[in-house]
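Biologist: I would like to go through the labels used for this structure and hear the grounds for each. Please set the values against the cut-offs.

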Amino acid sequence: MKTIMVASWLAMLMSICLAAKDSCVTCHQGLEGVQSDPVRKFTNDIHHRHGFSCADCHGGDPQRDDADAAMSPARGFRGKIPRTAVPQLCARCHSDASLMHKYNPRQRVDQLAQYLTSNHGKRLTAGDTAVANCVDCHGVHDIRTTKDPLSPVHPLRLPETCARCHSDAARMEKYKLSPTVLADYQTSVHWRALADRGDLSAPSCASCHGNHGAAPPHVGEVAAVCGTCHVMMEDLYRGSPHKPIFDDMGVAGCVACHENHAVMHPTPELLNSESGICANCHDAESAGGKTAAGMAKLIGELSSQIDRSKAILDRARRSGMEVSPALLRQTEAQEQLVKARVAVHAFRVDAVGAPVQEGLAITRETYTAGLSALEELDRRRTGLLFSLVAIGLTILGLWLWIRNFERKKRSLTAPVTSSGSGDPLGG
Ligand code: HEC
Ligand code: HEC
Ligand code: HEC
Ligand code: HEC
Ligand code: HEC
Ligand code: HEC
Ligand code: HEC
Ligand code: HEC
Ligand code: HEC
C-alpha cells in the first residue's frame with residue numbers, strides 16, 4: 001500500500017517536472033538580444049497565459065537540453081518564420097474551431113479567411129512582403145487580447161499601427177496610395193471623439209475597413225459603412241435623387257460631401273450657394289442650388305431663433321428668475337434643429353421645413369416665457385423699490401420720533417442749578 005502511494009507520488013512529480021520543462025525558455029533566457037527578447041516579452045502574451053510556449057509556434061523539442069536536439073528540423077523546428085508563412089502559422093490554431101472553442105466558445109475562427117480577401121492578404125499570397133500580415137498588426141511574442149488598452153489593435157492605438165506603413169511615403173508610393181491617411185484622420189471629429197473623450201463608439205481605422213478584410217469600401221458601399229453608425233442619414237440618402245446619380249458618376253456617397261478620413265463638424269456653411277459643398281456641382285439658379293439655399297435659410301432661421309430665446313432665458317436665469325421649465329422646453333427646439341440637419345440628406349426643402357416649423361413654434365413659446373420672466377422681474381423690482389422707500393420713510397419717522405422723545409426726556413430730567421442763568425423757572 002505504502003509503496004503504491006510513493007510510486008504514484010513519484011509519477012505525479014515526474015509528470016509535473018516533464019510538463020514544466022521548457023528548454024527553449026530556459027536556454028533562451030540566458031542568451032543575448034533578439035534571442036532573449038522573446039522570453040522577456042512572452043510573459044505578457046495571451047498564448048503564454050493559456051499555457052502555450054515557444055515550440056507551439058516554432059516546433060522543436062522542449063524536453064531536450066541540447067541546442068541541436070531541441071532545435072532539430074527533424075522535430076519540426078522552424079527558426080526564422082518567413083513573412084509569407086505567418087498567416088498559415090497562426091491559422092493552424094485560429095482556423096481550428098474545435099481547438100479554439102475549448103479555450104473560448106465564442107472566439108471567431110475566420111481571421112485567415114477574411115484576411116485572404118483583403119488587399120493585404122491577396123498581395124502576401126502573391127509574395128509581396130510589404131503588406132501587413134498577422135504580426136504587423138498584433139505584434140509577436142507579446143500578443144495581447146484585443147480588449148487590452150496596450151494591444152496595438154486597440155481602437156486608440158490602431159491608427160499608429162496602420163500608419164507604420166500607411167504614413168511611410170516610400171512604401172505607399174509604389175501602390176499609388178496616399179501617405180496622409182493618418183494625418184487626415186487625426187483632424188477628424190471621429191478621432192477627436194475617440195482620443196479626447198474616449199468615446200469608443202467613434203470609428204477607428206478598422207470600424208470602416210474591417211479588422212481582417214481590410215479593403216477600402218467600394219463606392220456603392222460607402223453609405224453602408226458610414227450608415228452602420230449614422231443610420232438615419234443613410235436611409236435618407238438612399239431614398240434621395242443623389243444615390244443613383246452618384247453611383248453612376250462613381251462618386252462615393254457620404255464621402256463626396258464629408259470626406260472619408262478628414263470628416264469635419266458640418267456647418268450650415270456647407271449649404272452656402274456660393275462657397276458651399278452643393279456649389280461644387282449646382283449653380284445657384286439650378287434646382288439643386290435653390291434647394292440648398294432654401295434649406296440654408298430654414299436652418300439659419302431656426303438657429304438664430306434658438307440663440308435669441310437662449311439669450312433672454314439666460315438673462316432671466318442669471319437674475320434669479322425661475323425659468324427651468326422653459327429651458328427644458330428649449331432643448332426640444334434644439335432637437336428639432338438636429339432633426340432638420342439630418343433631414344438635409346433628403347435634399348428636399350419640405351423635408352427640412354417640417355422640423356424647422358416645429359422648432360420655431362417652440363422658440364416662440366420659450367422666447368415669450370423669457371420675456372414674461374423679465375417683465376415679472378421688472379414688476380418685482382418696482383415693488384421692491386416701493387417697499388424700500390416705505391421702509392426708509394418708516395425708519396426716518398422712527399428716528400425723528402426717538403430724537404424728539406429723547407430731547408423731551410432730557411429737558412424733563414435736566415438738573416436745576418443755582419446759577420440757572422438760562423432757565424426761565426430758576427430765573
Ligand atoms: C541550449 C540552448 C538552446 C535551446 C535549448 C534552444 N535554443 Fe533556440 N537558439 C539558441 C541559440 C544560441 C540560438 C542562436 C544561434 C542559432 O541560430 O543557432 C537560437 C536560435 C533560435 C531561434 C532563431 C532562429 C534564427 O534562425 O534566427 C528560434 C526561433 C529558437 N532558437 C527557438 C527555440 C525553440 C522553440 C526551442 C525549444 C524547442 C529552442 N530554441 C531551444 C539556443 C537554444
Ligand atoms: C504565437 C506564435 C509564437 C510563439 C508562441 C513564439 N514565437 Fe518566436 N516568432 C514567431 C513569429 C511569427 C516570428 C517571426 C516574426 C517576424 O516576422 O517579425 C518569430 C520570431 C522569433 C525569433 C526571431 C527570429 C529572427 O531572427 O528574427 C526568435 C529568436 C524567436 N521567435 C524565439 C521565440 C522564443 C524563445 C519563444 C518562446 C519564449 C517564441 N519565439 C515564441 C512566433 C512565435
Ligand atoms: C491589418 C491589421 C490586422 C491584420 C493583418 C490581422 N489582424 Fe487580427 N485583428 C485586427 C483588429 C483591428 C482586430 C480587432 C480589434 C478589436 O476588436 O478592437 C483583430 C482581432 C483579432 C482577433 C480577435 C478575434 C476577432 O476576430 O476579432 C484574433 C484572434 C486575430 N485578430 C487574429 C489574427 C490572425 C490569426 C491574423 C492573420 C491571419 C490577423 N489577426 C491579422 C487587425 C489585424
Ligand atoms: C497553438 C495554437 C495557437 C497559435 C499557433 C496561435 N494562437 Fe493565438 N490564440 C490561441 C488561443 C487558444 C487563444 C485564446 C483564445 C481566447 O482566449 O479567446 C489565442 C488568442 C489570440 C489572440 C487574442 C484574441 C482575443 O480575442 O483577444 C490574438 C490576437 C492571437 N491569438 C493572435 C495570434 C497570432 C497573430 C498568431 C500567429 C503569430 C497566433 N495567435 C498563433 C492559440 C494559438
Ligand atoms: C506592414 C505594413 C502595413 C500595415 C501595418 C498596414 N498596411 Fe494596409 N497596406 C499596406 C500596403 C503595402 C498596401 C498596398 C497593397 C495594395 O493595395 O495593393 C496596403 C493596402 C491597404 C488598403 C487597400 C488600399 C487600396 O485601395 O488598395 C487598405 C484599405 C489598408 N491597407 C488599410 C490598412 C489598415 C486599416 C491597417 C491597420 C489596421 C493597415 N492597412 C495596416 C501595408 C500595410
Ligand atoms: C469613417 C470611416 C473611415 C475611417 C475611420 C478610416 N477610413 Fe480609410 N477609407 C474610408 C473610405 C470610405 C475610403 C474609400 C474612399 C473612396 O472610395 O473615395 C477609405 C480609403 C482608404 C485607403 C485607400 C485609399 C487612399 O486614400 O489611399 C487607405 C489605405 C485607408 N483608407 C486607410 C485607413 C487608415 C490607415 C485609417 C486609420 C488611420 C483609416 N483608413 C480610417 C473610410 C475610413
Ligand atoms: C463606428 C461608428 C461610426 C462610423 C462607421 C462613422 N461614424 Fe461618423 N461619427 C460617429 C460618432 C460616434 C460621431 C460623434 C462624434 C462627436 O461626438 O463629436 C460621429 C460624427 C460624425 C460627423 C460629425 C457630426 C457633428 O455633428 O459634428 C460626421 C459629419 C460624420 N460622423 C460622418 C461620417 C461619415 C461620412 C462616415 C463614413 C465615411 C462616418 N461618419 C462613419 C460614429 C461613426
Ligand atoms: C450632397 C451632400 C451630402 C451628402 C451626400 C451627405 N451629406 Fe451629411 N451633411 C450634408 C450637409 C450640408 C450637412 C450639414 C447641415 C447643417 O449643418 O446645416 C450634413 C450633416 C451631416 C451630419 C451632422 C448632422 C448633425 O446632427 O449635425 C452627419 C453625421 C452626416 N451629415 C453624415 C452623413 C452620412 C453618414 C452620409 C451618407 C449616408 C451623408 N452625410 C451624406 C451634406 C451631405
Ligand atoms: C458631386 C456633385 C454633387 C454635389 C456635391 C451635390 N449634388 Fe445635387 N445633384 C447632382 C447631380 C449630378 C444631380 C442630377 C442632375 C441635376 O438635376 O442637376 C443632382 C440632383 C440634385 C437635386 C434634384 C434636382 C432635380 O432637378 O430634381 C437636388 C434637389 C440636389 N441635387 C440638391 C443638392 C444639394 C442641396 C446639395 C448640397 C447639400 C447637392 N445637391 C450636392 C450632383 C451633386
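Biologist: What makes the arrangement around the iron atom of ligand 9 octahedral?

Modeller: This is a predicted model, in which local features need pLDDT of at least 70 and side-chain atom pairs count only at pLDDT 80 or more, while totals for chains, interfaces and linings use all residues. Residues are numbered from 1 along each chain as its sequence is written, chains are lettered from A and ligands numbered from 1 in the order in which they are written, and side-chain values use heavy atoms, with hydrogens and water left out. Six donors count as octahedral if opposite donors are over 155 degrees apart and all others between 65 and 115. The six donor atoms around the iron atom of ligand 9 subtend angles of 88 to 179°, so the arrangement is octahedral. For six octahedral donors the ideal angles are 90 or 180 degrees.

Biologist: Which residues coordinate the iron atom of ligand 9?

Modeller: His 242 and His 282, each through NE2, at 1.9 Å. Donors are N, O and S atoms within 2.8 Å of the metal (3.2 Å for Na, K and Ca), and since water is not among the atoms, sites may look incomplete. The two histidines are 40 residues apart: His 242 is in helix α19 (residues 242-249), and His 282 in the loop between α20 (253-258) and α21 (287-318). Helices are DSSP runs of H or I with at least four residues, strands are runs of E with at least two, and both are numbered from the N terminus.

Biologist: Why is His 242 called buried, and why is His 282 called partly exposed?

Modeller: Buried means under 20% relative accessible area, exposed over 50%, and partly exposed in between (1.4 Å probe, protein chains only). His 242 has 18%, so it is buried; His 282 has 29%, so it is partly exposed.

Biologist: What is the arrangement at the iron atom of ligand 4?

Modeller: The site is octahedral, with angles of 86 to 180° among six donor atoms. Its protein donors are His 47 (NE2) and His 94 (NE2), lying 1.9 to 2.0 Å from the iron. His 47 is in helix α4 (residues 46-49) and His 94 in helix α7 (residues 86-94), so the pair ties together parts 47 residues apart in sequence. His 47, at 25% relative accessibility, is partly exposed, and so is His 94, at 26%.

Biologist: Why is the pair of Tyr 237 and Phe 246 called tilted?

Modeller: Rings of Phe, Tyr and Trp (its six-membered ring) pair if their centres lie within 6.5 Å; planes under 30 degrees apart count as stacked, over 60 as edge-to-face, and the rest as tilted. Tyr 237 and Phe 246 have ring centres 6.4 Å apart and planes at 50°, so the pair is tilted. Tyr 237 is buried at 6%, and Phe 246 is buried at 11%.

Biologist: How are the rings of Trp 401 and Phe 405 arranged?

Modeller: They are stacked, with 5.5 Å centre to centre and 15° between the planes. Both lie in helix α23 (residues 349-413), four residues apart, so about one helical turn separates them. Trp 401 is exposed at 56%, whereas Phe 405 is partly exposed at 45%.

Key
Four donors count as tetrahedral if all angles lie between 85 and 135 degrees; four count as square planar and six as octahedral if opposite donors are over 155 degrees apart and all others between 65 and 115; anything else is irregular.
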